[in-house]
Amino acid sequence: MSKRHAAGAPPKRTIDIVNASLKRRYARERRFRLVGLVAVILGLTFVGLLFADIIAKGHTAFVQTYIQLPVTFEAETLDPTGGRDPETLARANYQAVIRDALRNEFPNVTERRATRALASMISVGAPSHLRDMVLANPDLIGTTREVWLLADDDIDMLMKGHIDRNLPESERRVKDQAVGWVEQLESQGRIEKRFNTIFFTSGTSREPELAGIAGALMGSFYTLVLTLLISFPIGVGAALYLEEFAPKNRWTDLIEVNINNLAAVPSIVFGLLGLAVFIAIFGVPRSTPLVAALVLSLMTLPTIIIASRAALKSVPPSIREAALGVGASPLQTQMHHVLPLAMPGMLTGTIIGMAQALGETAPLLMIGMIAFIVDIPSGFTSPSTVLPVQIFLWADSPERAFVERTSAAIMVLLAFLILMNLGAVLLRRRFERRW
């Protein structure tokens, strides 16, 4: 007899042991669920902080400061011959017209240094705006019009509150004299913030107030279209062959292992491959959507192949057997019956792969997409850049105005990525079949 029984203690029943074990297991389950909930909350918190920081820094880039001036289009300055020749009007000194307008608005500013500081309040792109106005309507010559001119980036930062007017003059880029001019324009209603159409319609520039994402957006568009045209047919064809037609031997096993490994290869390796093969050997032009699409297609193919094979596996074998039973050939079975049913899953994987390609930067840096391209690309072989690389270039610029444009470009990129992933989810729910 045991000591416990000898002492008179009753033996534990089986049900008591089970209940005690259940309590411990339930307690562990509650702790695990609590840890998981905390992890989800922390993840959402960090993502929320990231989005809040980006929006806080970038939302002001969607507006731009403009200054209204009474501009006199003097014939002696713009068209001394009176012939209204377009070449003469295009070469005219529109900067002098702006200086005269500022001098008339601020007649007390006569000292040379102050005059230069006054002229610097207007963007260097303002003369081009006046030139376009005159070329579009030569009848403006000899008249005076109220014109809203783009302000310099420092004045824009001051109006948006990124430069604190209460700081000592030595600690801010805009001096007290310029602050006084801005306050005078504010009291007259001649300075205001408007929607920044330049950000969406212009290419990049070394002047922040003139910089836009139109060139990068078109470069990304051409690159993604070509990437889709290259990678989708090849990826679906490879998945269909490996899953339905290829014999199961060591060679197909080796191919499958390599496809899975390629999906985990760092993206910069594909950039090195594109630099060594497409550019050095085949002579594809650098800094073009064509070479970018070739590189991104190599990077996207493993994702599309893996997703397409998973979609093919999800089709029940009875579909294949029924098609073969009514006399369809193996190719007809796959093309007419299996492939249409697997296509939603294939498209979902393709959209996710395209979203991944849209956000890539490292491989494109290796093939020259980092070049400073001002013009908006007009085709697949035009020199261009893409939105992630444009963000990288702006983030390296020291001007405060480029900080907000960097964040604004990130917001645009994130919007495209969210829309593409949302499209993948909706596509899967719309066409998904449950067997």
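Trainee: Leaving aside neighbours within four places in sequence, which residues is Tyr-241 in contact with?
Mentor: Ala-246 and Pro-247, where contact means heavy atoms within 4.5 Å. Before we go on, keep in mind that this is a predicted model: local features need pLDDT of at least 70, side-chain atom pairs count only at pLDDT 80 or more, and totals for chains, interfaces and linings use all residues. Residues are numbered from 1 along each chain as its sequence is written, and side-chain values use heavy atoms, with hydrogens and water left out.

Trainee: Where is Tyr-241 found?
Mentor: In helix α11. Helices (H or I, at least four residues) and strands (E, at least two) are DSSP runs, numbered from the N terminus.

Trainee: What's the relative accessible area of Tyr-241?
Mentor: The value is 46%, so Tyr-241 is partly exposed. Buried is under 20% relative accessible area, exposed is over 50%, and partly exposed is in between (1.4 Å probe, protein chains only).

Trainee: And how far apart are Tyr-241 and Ile-41?
Mentor: They're 200 residues apart in sequence and 43 Å apart in space, C-alpha to C-alpha.

Trainee: Switching to Ser-297, is that buried or exposed?
Mentor: Ser-297 counts as buried, because its relative accessibility is 3%. Ser-297 sits in helix α14 (residues 289–313). Setting aside neighbours within four places in sequence, Ser-297 contacts Thr-227, Ile-230 and Ser-231.

Trainee: What about Glu-105, buried or exposed?
Mentor: Buried, with a relative accessible area of 14%. Glu-105 belongs to helix α5. Apart from neighbours within four places in sequence, Glu-105 touches Leu-69, Pro-70, Gln-184, Gln-188 and Arg-190.

Trainee: Staying with α5, at what angle do the axes of α5 and α7 cross?
Mentor: Roughly 105 degrees, and the axes come within 8 Å. The axes are lines fitted to C-alpha atoms, for helices over the stretch in contact, with angles running from 0 to 180 degrees between N-to-C directions. That makes α5 roughly perpendicular to α7. Under 35 degrees counts as roughly parallel, over 145 as roughly antiparallel, 65 to 115 as roughly perpendicular and the rest as oblique.

Trainee: Which residues make that contact between α5 and α7?
Mentor: From α5, Tyr-94, Gln-95, Val-97 and Ile-98; from α7, Ala-126, Pro-127, Leu-130, Arg-131 and Val-134.

Trainee: Which residues of α7 are buried?
Mentor: Ala-126, Pro-127, Leu-130 and Val-134. They're on the same side of α7, because they cover an arc of only 100 degrees around the axis; the arc is that of the directions from the helix axis to the C-beta atoms. The cover over them includes β1 (63–72), α3 (75–78), α4 (86–90), α5 (94–105) and β2 (144–150).

Trainee: OK, on to α11 and α16. What's the angle there?
Mentor: Helix α11 (residues 214–245) and helix α16 (residues 330–358) pack at about 140 degrees, with axes 9 Å apart. So α11 is oblique to α16.

Trainee: And which residues of α18 are buried?
Mentor: In helix α18 (residues 387–395), the buried ones are Leu-387, Pro-388, Val-389, Gln-390, Ile-391 and Trp-394. What covers them includes α10 (198–201), α11, α16, α17 (362–366) and α19 (400–431).
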